[in-house]
Amino acid sequence: MTERTLASGLTLGRLARGERAVVRAVRDDGESVGDAEGSTIARRLAELGFVPGAALEVVAAMWPGADPIAVRVGGSTFALRRREADAVEVERAAPAGPERPA
């Protein structure tokens with residue numbers, strides 16, 4: 001998967017530091033990763049909690065090139081390579097507004 005934007009939407013790899021989003025889908029490029037037979041990017045990301053409906057936040061990006069990026073999903077933070085981040089289709093979350101006093 002070389003394109004940064006999937007045909008159907010925005011990818012995690014295109015978000016900037018501090019942006020929040022919700023996972024819509026995780027796409028697979030069909031290539032195996034690591035030593036485990038049948039282990040693909042989509043499978044490994046799902047095992048880490050990158051599943052449809054999961055809220056996430058980009059907490060850091062290395063400079064230059066923003067590769068890898070640090071992403072918080074659930075109660076954990078993970079470093080993802082650009083290839084992995086581009087496999088996660090997301091929808092930006094609405095920015096949180098200022099809290100009103102009660």
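Which residue stands opposite Ile69 in β4? The residue is Ala61, and to see where this pair sits, let us walk through the whole fold. Please keep in mind that this is a predicted model, in which local features need pLDDT of at least 70 and side-chain atom pairs count only at pLDDT 80 or more, while totals for chains, interfaces and linings use all residues. Residues are numbered from 1 along each chain as its sequence is written, and side-chain values use heavy atoms, with hydrogens and water left out.

The protein has two helices and six strands, arranged from the N terminus as β-β-α-β-β-β-α-β. Here helices (H or I, at least four residues) and strands (E, at least two) are DSSP runs, numbered from the N terminus. The six strands form an open sheet with antiparallel pairing, in the order β1-β6-β2-β3-β4-β5; two strands pair if DSSP finds at least two bridges between them. At the edges stand β1 (10-11) and β5 (76-80), each with a single partner strand, so one side of each has no neighbour in the sheet. The partner of β1 is strand β6 (residues 88-92), joined to it by two antiparallel bridges, and Thr11 has Glu89 as its bridge partner in β6.

At the other end of the strand order we return to our opening pair. Strand β3 (residues 55-61) and β4 pair in the antiparallel sense over five bridges. β4 and β5 also pair in the antiparallel sense over five bridges, with Val71 opposite Phe78 in β5. These two strands, β4 and β5, form a hairpin with two residues between them, and Gly74 in the turn has a positive phi of about 65 degrees. Strand β4 (residues 69-73) is largely enclosed by the rest of the structure, because four of its five residues are buried. Buried means under 20% relative accessible area, exposed over 50%, and partly exposed in between (1.4 Å probe, protein chains only).

What about the interior? In soluble globular proteins, nonpolar side chains tend to be buried together. The largest nonpolar core has 19 residues, of which Leu12, Leu15, Phe50, Leu56 and Val90 touch the most other members. Such a core is a set of buried Ala, Val, Leu, Ile, Met, Phe, Trp, Tyr and Cys residues joined through side-chain atoms within 4.5 Å. β4 gives the most to this core, with three residues. Leaving aside neighbours within four places in sequence, Leu56 is in contact (heavy atoms within 4.5 Å) with residues including Leu12, Leu15, Phe50, Val71 and Val90.

Glu19 forms one with Arg92, the closest N and O atoms being 2.5 Å apart. That pair links distant parts of the chain, with Glu19 in the loop between β1 and β2 and Arg92 in strand β6, 73 residues apart. Glu89 is buried, with a relative accessible area of 1%, whereas Arg24 is partly exposed at 41%.

Finally, Glu57 lies in strand β3 and counts as buried at 17% relative accessibility. Its side chain meets that of Arg72 in a salt bridge (3.4 Å, N to O), and Arg20, Glu57 and Arg72 are linked in a network of salt bridges.

Notes
Salt bridge = Lys/Arg side-chain N within 4 Å of Asp/Glu carboxyl O.
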